Amino acid sequence: MNKSIFIVFIMSILLIVSCATDDSCTQTKYVTFTADFFHIYHNDTTKINTIYAMSIDSLTIQGLRLDTLTGRYTPVDSILYNNSLESKVSLPLNNFSTHSTFRLKFKTISDTMTIYHTNMNDYLSLECGCVILHKIDTVTITRHFIDSVRITNHDVNTINAENIRLYK
Amino acid sequence: MQRIFVYISSILLCLLLTTVSAQKKKNKPIVVPPDSTVWLNGFTVQADIGSLVTSTLMSGDTYSSEAAIQMDLKHRIFPTLEFGVAGANKLTTDNSGFKTNGTFERVGVDFNLRKRKIDSKPTNNLFIAGLRIGMSHFKYNVTNVPNTDDYWGGSVPLNYMNQTSSKIWYEIVVGVQVEIIKNVFMGWTVRNKNLISQDITGAIAPWYIPGYGQNNGANWGFNYTLGYHFGPKNKYIKNKKILLNQKQLNKQ
């Protein structure tokens, strides 16, 4: 047999052996909405506001689901953050509703935050299925502990970038 | 592993036949290749046995069947047209389904890299390398794609029916073809396939492309062909005569 044909034959076997496929999904599927906490310091003499990133101690966050029969919000069984120290939080938005409501508890004071959003299907592959991406329209919050909120990025996807800033 | 086993055993079978064929020819009249000064030396019609065997032995996820017509120009250049049908009926562990049936075509050219030495026996066997451009236009269904919300609850499976796609790819081909009996050729090719037309992010991309294989980056393909050559009649001469002629040439 020709020497070159033999070399190609050996290479072919190696290449074929190396091309075994794997059906598992390797892409990330976690789509979360990210909120960062900031503190606004107002200097009375200079009249200038200075903004600092801050960490919140004893923070508890839980989703609230609207009960259509009673018209009242009931907490989702799972607690997202429980008495933890956080400077930013990542929250899952509701895939099958256009608004997601969360109760944010800061030690003894609680705020309720509602995010209004649109949902979009994003097909990944047969193995991975699809993820639901969101676009934030509006954010509302009761102002018991948090002073104000600002949307910095409307797109909620797998990148996990900052979407809103919560100011105290 | 099953696929790898099939490929390797196919290659070994091909090599075995090649060796047996070569041994048988030792003391028999041999075929002088077609006249290299003539442009058109006929054509070969080939069927891919490898894809048929693989489709049968695989777990039923995919099937493929193809044939080819290969022109012989000066016994150096081989313009080739390949065509076939292929499909997939895949079910994942999540019970997501992908189903397609379609046709495909490939056009390209092979070059015979085997250079005949002055003192070697004339042969029709080929060691080829070439290129292909492949294309397929097909419809497919993606069903029961899981869509659940782990935190808020709820599940609505998604179905994408009657999706259409057109794909173009190129292939780099190397292989061998051996004349096992008069005008009957057996051979194999290994090919590296790369898509030219890529999927847009978020599009319902097909899991399988007829003629290309699984839509997961570059692919490797293997063909194991059986073909019949139609064309000018080959000239038969005895080995002894060739050896005598070579001796005479050496003396000169």
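This is a predicted model: local features need pLDDT of at least 70, side-chain atom pairs count only at pLDDT 80 or more; totals for chains, interfaces and linings use all residues.
1. In chain B, strand β2 (residues 40–48) runs antiparallel to strand β3 (residues 62–73), and six bridges join them. Two strands count as paired if DSSP finds at least two bridges between them. Strands are DSSP runs (E, at least two residues) and helices are DSSP runs (H or I, at least four residues), both numbered from the N terminus. Within this pair, Ala47(B) has Ala67(B) in β3(B) as its bridge partner.

2. Residues are numbered from 1 along each chain as its sequence is written, and chains are lettered from A and ligands numbered from 1 in the order in which they are written.

3. Strand β3(B) also pairs with strand β4 (residues 77–91) of chain B, in the antiparallel sense and over ten bridges. Gln70(B) has Thr80(B) in β4(B) as its bridge partner. The hairpin of β3(B) and β4(B) has three residues between the strands, and Lys74(B) takes a positive phi near 60° there.

4. Further along chain B, β4(B) and β5(B) run antiparallel and are joined by 15 bridges; the bridge partner of Asn89(B) in β5(B) is Lys99(B). Strand β5 (residues 97–112) of chain B then pairs with strand β6 (residues 126–145) of chain B over 14 bridges, again in the antiparallel sense. Here Val107(B) has Ile133(B) in β6(B) as its bridge partner. Strand β6(B) is in turn joined by 17 bridges to the antiparallel strand β7 (residues 158–181) of chain B, where Val176(B) is the bridge partner of Phe127(B).

5. These pairings belong to a barrel in chain B that eight strands close, with antiparallel pairing, in the order β2-β3-β4-β5-β6-β7-β8-β11. From one strand to the next, the twist averages 25°; axes are lines fitted to C-alpha atoms, for helices over the stretch in contact, and angles run from 0 to 180 degrees between N-to-C directions. Chain B has three helices and twelve strands.

6. Of the 252 residues in chain B, 31% are buried. A residue is buried if 20 or more other C-beta atoms lie within 10 Å of its own, exposed if 12 or fewer, and partly exposed in between, with C-beta atoms placed from the backbone. Among the chain B contacts with a separation of 6 or more, 66% come from residues 24 or more positions apart. Two residues are in contact if their C-beta atoms, placed from the backbone, lie within 7 Å.

7. Thr44(B) lies in strand β2 of chain B. Thr44(B) counts as buried because it has 23 C-beta neighbours inside 10 Å. Residues up to four places away in sequence aside, Thr44(B) touches Gln70(B), Asp72(B), Phe185(B), Gly227(B), Tyr228(B) and His229(B). Val184(B) is 140 residues from Thr44(B) in sequence, yet the two are 8.9 Å apart in space, C-alpha to C-alpha.

8. In chain A, an open sheet of six strands has antiparallel pairing and the order β4-β3-β6-β7-β8-β10. Its edge strands, β4 (72–86) and β10 (155–156), each pair on one side only. Strand β3 (residues 56–67) of chain A pairs antiparallel with strand β6 (residues 99–106) of chain A over six bridges, and Ile61(A) stands opposite Leu104(A) in β6(A).

9. Strand β1 (residues 33–43) of chain A pairs in the antiparallel sense with strand β5 (residues 88–91) of chain A over four bridges, with Asp36(A) opposite Lys88(A) in β5(A). With strand β11 (residues 164–167) of chain A, β1(A) pairs in the parallel sense over four bridges, with Phe38(A) opposite Tyr167(A). Strand β1(A) also pairs antiparallel with strand β2 (residues 48–53) of chain A over six bridges, and Tyr41(A) has Thr50(A) in β2(A) as its bridge partner.

10. The largest nonpolar core has 35 residues, and those with the most contacts inside it are Phe33(A), Ala35(A), Leu91(A) and Phe98(B). Such a core is a set of buried Ala, Val, Leu, Ile, Met, Phe, Trp, Tyr and Cys residues joined through C-beta atoms within 7 Å. Strand β8 (residues 129–141) of chain A gives the largest share of this core, five residues. A second, separate core of twelve residues includes Leu126(B), Ile180(B), Phe222(B) and Tyr224(B).
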